[in-house]
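Let's get to know this structure together, one question at a time.

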Amino acid sequence: MTTRRDLIAGAGLAALAAQLSGRALAQAQTLASGKDSVVIAMTLEPPTLDPTSGAAQAIREVTLQNIYEGLVRMDRTGRIVPGLAESWEVAADNLVHSFRLRSGVRFHDGAPFSAETVRFSFERAVAPDSTNAQRQIFAPIASIATPDPLTVVITLKQPTANFLYGLAWGDAVIVSPATAAANRTNPVGTGPFRFVRWNRGDRLELARFDDYWGPKPALARATFRFISDPQAQVASLLAGDVDAQTNLAAPEAVPQLRASPRLSVSFGKTEGEVILATNNGRPPFDDLRVRQAIAHVLDRKTIALGVYGFNVDLIGSHFSPLHPAYVDLTNTYAVDLARAKALLAQAGHPNGFSCTLKLPPPAYARRSGEIIAALLGQIGINARIEQLEFPQWLERVFRGRDFDLSVIAHTEPLDIGNYARDDYYFQYRNPEFRALIAKIETTLPEAERNALYREAQRVLARDAVNGYLFVLPKITVTAAGLSGMWTDWPLPITPLAEVAWR
Amino acid sequence: MLRLFGGRLASCVVTLAASALIIFLMLEVLPGDPAAVTLGLNAAPEALAALRAEMGLDRPAPLRFLAWIGGLITGDLGLSYTYRVPVSQLIGERMAVTAPLALAAMLLACAIGVPLGVVAAANHNGPLDLAAMAFAQIGLAIPNFWFGLLLVLVFAIGLGWLPSGGFPGWQAGFWPGARSLLLPAVALALPQAAILARLTRSAMLDALQEDFVRTARAKGLASRTLLYRHALRNALIPVVTILGLQFSVLIAGAIIIENVFALPGLGRLVFQSVAQHDLIVVKDLVMLFAALAILANFAVDLLYGLIDPRLRRRA
Amino acid sequence: MNAPAAIASARRPRWWTGPSFLIGAALSGLVVLIALLSLVWTPHPPTQLAILNRLKPPSAGNWFGTDPFGRDVFSMIMVGARNSLLVGLGAVGLGLVAGTGLGLLAAVRRDGLIDNLVMRMADFTHAFPAVLTAIMMAAIHGPGILNAVIAIGVLNLPYFARLARGAALQVWTRDFVQAARAAGLTDWRITWAHVLPNIAGVLVVQATIQFALAVLAEAGLSYLGLGAQPPAPSWGRMLNEAQTFMAVQPWLAIFPGAAIALSVLGFNLLGDGLRDAIDPRLRRVR
């Protein structure tokens, strides 16, 4: 079998070296300052602690790269780096992936990690009774072979460019057969931190795992606190009750927090594209001119300012600026009321029309929605706001496709491929685009693939499939002296092994 | 007496059963699939089906109703869809916030309302009466959640004495926990204190006209203190009754106040459960609130029967 | 209440009745006036956004300042009055009409069935505070002004039913009703022509007080997001939105709350005043 090192793996190894030295540095710093525990606040509480049986981001934020690890992992710049697999090779046919596993890895309960555990985890994810939320990660797998305890050979059905990318997600973490069933409430993984205790509605405690295979983390103990109330988040930061907030829910309090010498605030990017979801399958939104008219009135700057009070990254297509293939398309349809009215008139709605705007609960959606309704009113589109709880939004908008307009953030990384799904809730049907995505999935060289991603972004922007607004910002607040917190979110997680006190 | 008890008990049971049916039916027609909420935007249909089976959602509705009722009777409240732990455990944890909060608010309301009512009655139509009743009017008019916000503005943001919200948990110690409940309890107590002040005042005025007080007065028990002690003892009967009846008002208040102060109590749990479509928790909680209110009503009815023989005959 | 007390209070000057009624009437009148005025005039269009003018403190241009979208808070409060009054009218109207109907029916039949029904309904509504009903209804239909009206209205129903029944039974014992009956009028004719006019006063008093409660309940529901939907301004929702800005822009939380408190105070005082005017014996009670 002729093999060659994959580009990704090569890049990964370089990144690993950088990261390892970063971790060692963190450790040295903490030894100097003596403080080895941290309290980190986050907005949402995870419903369970098993990322392989629920889609909630909060599960991943607490557990991924802390309690659980996958074969590969994503670093803070969004690159794929080795995890439980220390290296891998992809055959020339782009189908056979051989993973070389680390030796001496143990689960928190002492159970050994081996190729069999990997096979168990992946087979469990696609089993008939599996409740894995992202089965499609594993869909391309044709077979899993374990020639020896430290080698896993995965053969795919067809070349799949983002296969490794998916293995870095929380849905693909490696779990132990003995403890997998109880992971929801008593998680056991191979990560640098083990689960200690969870007081629901309040906090969750982790402790350093002493038999960890990698470098010893600087922190001995870490506590996640769940504070959903924006005012309480600010108060606890100012009072010093917490050392960091992973993503502040009170953007209006930023000036107040900045004024405190004890705190530092940084704005980062995420993979969360906030869009004005538009039902392309329902008149009048099936008419390109109507969607273009809407695009011409969506003043992104005003919307973002009204929601956050400061400037955030604006987008003109369904792609995050975090990705190297990002192109700025925010000027595809510049704000132009006269042009918008003309387009509406051409489409047969000279006096506008009435429609609904269904909004899920997050503040970014509710606030954006109110501003958008007012903006649309300028060209005679009367968008009646309906506020929905998230389950109702899922049922009516997402599953039932019973909506005209909605505002939602698509937080999964690199999810532009959803536009190739004819049945997806905004019902965009473009065979050309579908072909483009299929091509991307089988194009492995990164430069070529990125060129295709750019093309895909342009198609979506031109077709004004949805209104593209802005990227959810990550507002990280940390106590002075605390280093290593992720400030961008290529994946919304908080790896504690990189956090240390100076 | 037995017939009264039997009759009241029967109607109490009927009301409970009807409540259970109404709650179940209302939540049954709710759109939305709890499994879809757990698994999110990209879930495969097979995964959804598997989770639905695991949650017991694939059984017919009448069966699920019976299973739920049976569980309620045997004390098994089921497993939360969201958290995957027994609902009774969730309720137990949240009760540790709501019960002290409600109790503190109740005590505070009594401590303010009853003396105020007595003073008002003692100075009937005097300036103190006017002041007390003006206070009561204002207490009734101010929404408790707004009062909560004002308290936060003054004591948390302005003076920095108390936390503006959240709850550190009792394991952090008694004082940190109690500090977090202080402002919410005050906010919750205000309208209750106003109601109690008005009620105590009118009950006192009534009691002062009763025969035995006049007898006592005739006997030479001229001391105002003794007089009011006599009257107060009798005035307390309706006051205690109202306290029982005000229970559901207190619960309603707690739902709002816990949201104002971000307290992890039962009121917030019911709100979150609706948001997450954790219907089993919603059902259990609404039933719990309803049952508590119905039982409080039942107790008050019985108490009345014991106190007032005329009611006994009517029943 | 016994005779000496009634005589005692009747003999006293009515200094308590006067101010209560006057202040109440003035405040309620003001709220109604503002609501009506908002139909034709507000200082600024209440739903017009001006993002660059966001979060301004009170000034000559914006008397109560502006919200995060740059909207004029004073104009929003004016329009919000409309919302509160509308929900109050709807909820009390629902309780008044349906409750009185049931109560009169119970009084005509004089059997235990409707009586029992009303009592059980009262138990029910006591067991389900408006917030719980509204939460469940919002989960089904999505939140909205109609849900708020129904949730609060249902709560009102038993109050009116009990009151109407009690008052109607008293009227039925009166001579002129018995005379009408002897003259061959049907029970329903008598109810319509004689009973209803005689109990109207009591009902109006109760309605005013329930109105105050309804305004308060509506504020609570819209604070929780269960009432009127944006962009229609509502006092409760304004408070909710103000909460995260409290450390920096406290006036956003102060003005809408004051508007709620003053309206409730107004209708409560008006109710008390009316009660005293219609039935002086009840003055002390409540």
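**Where the chains meet**

Me: How many residues of chain A and of chain C does their contact take?
Reply: Two residues are in contact if their C-beta atoms, placed from the backbone, lie within 7 Å. The contact between these two chains takes 19 residues from chain C and, from chain A, 20 residues. This is a predicted model, in which local features need pLDDT of at least 70 and side-chain atom pairs count only at pLDDT 80 or more, while totals for chains, interfaces and linings use all residues. Residues are numbered from 1 along each chain as its sequence is written, and chains are lettered from A and ligands numbered from 1 in the order in which they are written. So to recap, the contact takes 20 residues from A and 19 from C.

Me: Which element gives the most to the side of chain A that touches chain C?
Reply: Helices (H or I, at least four residues) and strands (E, at least two) are DSSP runs, numbered from the N terminus. On this side of chain A, α5 (230–239), α8 (300–308), α10 and β16 each supply at least two residues. The one that gives the most, with four residues, is α10(A).

Me: Which element gives the most to the side of chain B that touches chain C?
Reply: Here 38 residues of chain B are in contact with 40 residues of chain C. Among the elements giving two or more residues to the chain B side are α6 (127–141), α8 (174–209) and α13 (279–307) of chain B. With seven residues, the one that gives the most is α11(B).

Me: Which element gives the largest share of the side of domain 1 of chain B that touches domain 2?
Reply: Chain B is divided into domain 1 (2–74) and domain 2 (87–314), with bounds from an automatic or database domain assignment. In their contact, 17 residues of domain 1 of chain B meet 16 residues of domain 2 of chain B. The largest share of the domain 1 side, eleven residues, comes from α1(B).
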